[in-house]
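Q: I have a model open and want to go through a few of its side chains and the way its chains are arranged. Can we start once it is on screen?

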Number of protein chains: 2
Amino acid sequence: MNLKELGEFGLIDRFAAGVADKASVKIGIGDDAAAFEPAEGHLSLVTSDMLIEGVHFDLALCDPLTLGRKSLAVNLSDLAAMGATPRYFLLSLAIPAALTVEFLDGFIAGIMQRAEQFGVTLVGGDTCSSKGGLVISVTAIGEQLPELVVRRSGARPGDLLFVTGTLGDSALGLKLLRKGERRGLLVERHLDPEPRVAAGILLAEAGVATAMIDVSDGLLADLGHILRLSNVGARVELKNVPLSPGYTEEISRLAGDPFSLALGGGEDYELLFTAPPLLKDRVITLMAECGVAVSLIGEITASGRLSVINVDGEEYQAVQRGYNHFA
Amino acid sequence: MNLKELGEFGLIDRFAAGVADKASVKIGIGDDAAAFEPAEGHLSLVTSDMLIEGVHFDLALCDPLTLGRKSLAVNLSDLAAMGATPRYFLLSLAIPAALTVEFLDGFIAGIMQRAEQFGVTLVGGDTCSSKGGLVISVTAIGEQLPELVVRRSGARPGDLLFVTGTLGDSALGLKLLRKGERRGLLVERHLDPEPRVAAGILLAEAGVATAMIDVSDGLLADLGHILRLSNVGARVELKNVPLSPGYTEEISRLAGDPFSLALGGGEDYELLFTAPPLLKDRVITLMAECGVAVSLIGEITASGRLSVINVDGEEYQAVQRGYNHFA
């Protein structure tokens, strides 16, 4: 069967078939708008990310299942960075005529895997044809108590700077993909990132994180957002920036600067956050609780500037400062 | 200045500059997610629509201001069809390199005109580059008390069937646009539709509408959704289907069947709704209150089928049943 035979409403039915009932969803797929009942006293948090063929993904380098998984994951990562519990999502697709129903079935299966894993419900969206490539637009909605939401603007001088997981794997994985590699941890981290949903919620609900962001544009670029909005500076120790064994092994063959992709590569979807020094042990305990590695990579300063210290104790000159979509 | 010089964050600043403060917006543009405080006891209603260059619009046939206006209007129309008061929206754009900053400024001005008119606030979104055409994805969020939300599924046999405004103007306007016309009411109705926000809210809050939908795929297709979800039939009197003087004058020159575009053209963004016969006068009074024309075009039946009666009292054979994106 091709997409023309399946039709717009046949496609919508295929999405709707995978949706679990949830009491707070009052109107799901199939009306002019979806309706949900916000949790009493909670803020609603909402974020939107687009994935564009040829910009964010290359259909020759990914399979439909992981593309579906990633489409939801990158949005859940944004909610995690606020400390919000994800609840609902909308999915809009612009579909080129050449795309097969098999591809769409794989994509649906992937996005529904992530939806089930994190307890989020598809409530609506839009499907249409595309004259260009595949366009995926996801809006994710979560909730949290107002006093527990973690913003980018709350970092204070003296706060410690932490990051989850390891950095640079995704950017290096993309380089390997483009060179023909199809497997391995680095490639997987690019194609199928794991949003740090539980870690984000734990950090928010324990009240330990003063500022938080997810690393999507690269560590230095995203740290820059925290610094600018908090009106502070930071000192980052390069020797403490977490690198995976696979990254360390591969980077020497591919890039001159071993830290370039860890600092400026992007698409890590790790959480970068600050916490008061007294809560250092609490942070480590919480991250152990949810099985997420965490590294103390520096501290917030009153200086107003970002200083990166290399392994020799000298100032590091960053080569790449993250991704600008129109550069 | 071009888009490359303006940059991603320069563009976001340009959007943020037009945003008015609203007490219920707790976190606006500039964090990982936006946060708003849902009104107590209300449902949140959410809808998403994409506009794709080459599918929904042709940059040679529209100006950036009206494209911006329409991008928000079509989403507000969906909320109106639920009887919801619109509150917030997110805007995601995938922008081709060739698009000028002047174009984007016009687009921003247009979308902000509609936002101001209807009291909705831009709270977030995404901007990225596009290798294909311009992609516009809007998510609109509104609210309403649970008992006042109007669904597609509430029509009952005996209910009267109403539609606001006139039908077919937009589809005919598009035909004229493609033939080189650039002005006139029909063309305007295609390029710059007026969402029936006040009418939708009035009908919901007065408790008169039993089912409602906005006419985006064509009268017969959208009525079909009401009938299927309400498990009823309908009888539509063709002589009562509202046509504008401009439509009546032009249609004879362009199409064989004078009703084809009024019944199946789409993009009317009028409200199609049902109400009990006893509330007929109330419907007419309410629509007069908000200055929106309304026509009684038929009634809901228990027959389970849609019957369209032409001016001679005979069954009409519909030529076109609305738009299927993948047909």
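Q: What sits over the ring of Y88(A)?
A: The charged end of K22(A) does, 4.9 Å from the ring centre. Keep in mind that this is a predicted model.

Q: And over the ring of Y88(B)? What is there, and how far from the centre?
A: There it is the charged end of K22(B), at 5.0 Å from the centre of the ring.

Q: Next, D21(A). Where does it lie?
A: D21(A) is in the loop of chain A that runs between helix 1 (3-17) and strand 1 (25-27).

Q: Buried or exposed?
A: D21(A) is exposed, since its relative accessible area is 82% and the cut-off for exposed is over 50%.

Q: How far is D21(A) from F89(A)?
A: Their C-alpha atoms are separated by 14 Å, and the two residues are 68 apart along the chain.

Q: Changing topic: how many aromatic pairs are there over all chains?
A: The structure holds six. One of them is F259(A) with Y316(A): the ring centres are 6.5 Å apart and the planes stand at 80°, so this pair is edge-to-face.

Q: Which parts of chain A does that pair tie together?
A: F259(A) is in the loop between helix 8 (245-254) and helix 9 (260-264), while Y316(A) is in the segment after strand 12 (306-309), so the pair joins parts 57 residues apart in sequence. Both F259(A) and Y316(A) are buried.

Q: What about F162(B) and F273(B), how are their rings arranged?
A: They are stacked, with 5.3 Å from centre to centre and 15° between the planes. F162(B) belongs to strand 7 (residues 160-164) of chain B and F273(B) to strand 10 (residues 271-275), so the pair links distant parts of the chain, 111 residues apart.

Q: Are those two buried or exposed?
A: F162(B) has 1% relative accessibility and therefore counts as buried. F273(B) has 0% and counts as buried too.

Key
Residues are numbered from 1 along each chain as its sequence is written. Chains are lettered from A and ligands numbered from 1 in the order in which they are written. This is a predicted model: local features need pLDDT of at least 70, side-chain atom pairs count only at pLDDT 80 or more; totals for chains, interfaces and linings use all residues. Side-chain values use heavy atoms; hydrogens and water are left out. Helices (H or I, at least four residues) and strands (E, at least two) are DSSP runs, numbered from the N terminus. Buried means under 20% relative accessible area, exposed over 50%, partly exposed in between (1.4 Å probe, protein chains only). Rings of Phe, Tyr and Trp (its six-membered ring) pair if their centres lie within 6.5 Å; planes under 30 degrees apart count as stacked, over 60 as edge-to-face and the rest as tilted. A charge sits over a ring if NZ of Lys or CZ of Arg is within 6 Å of the ring centre and within 35 degrees of the ring normal.
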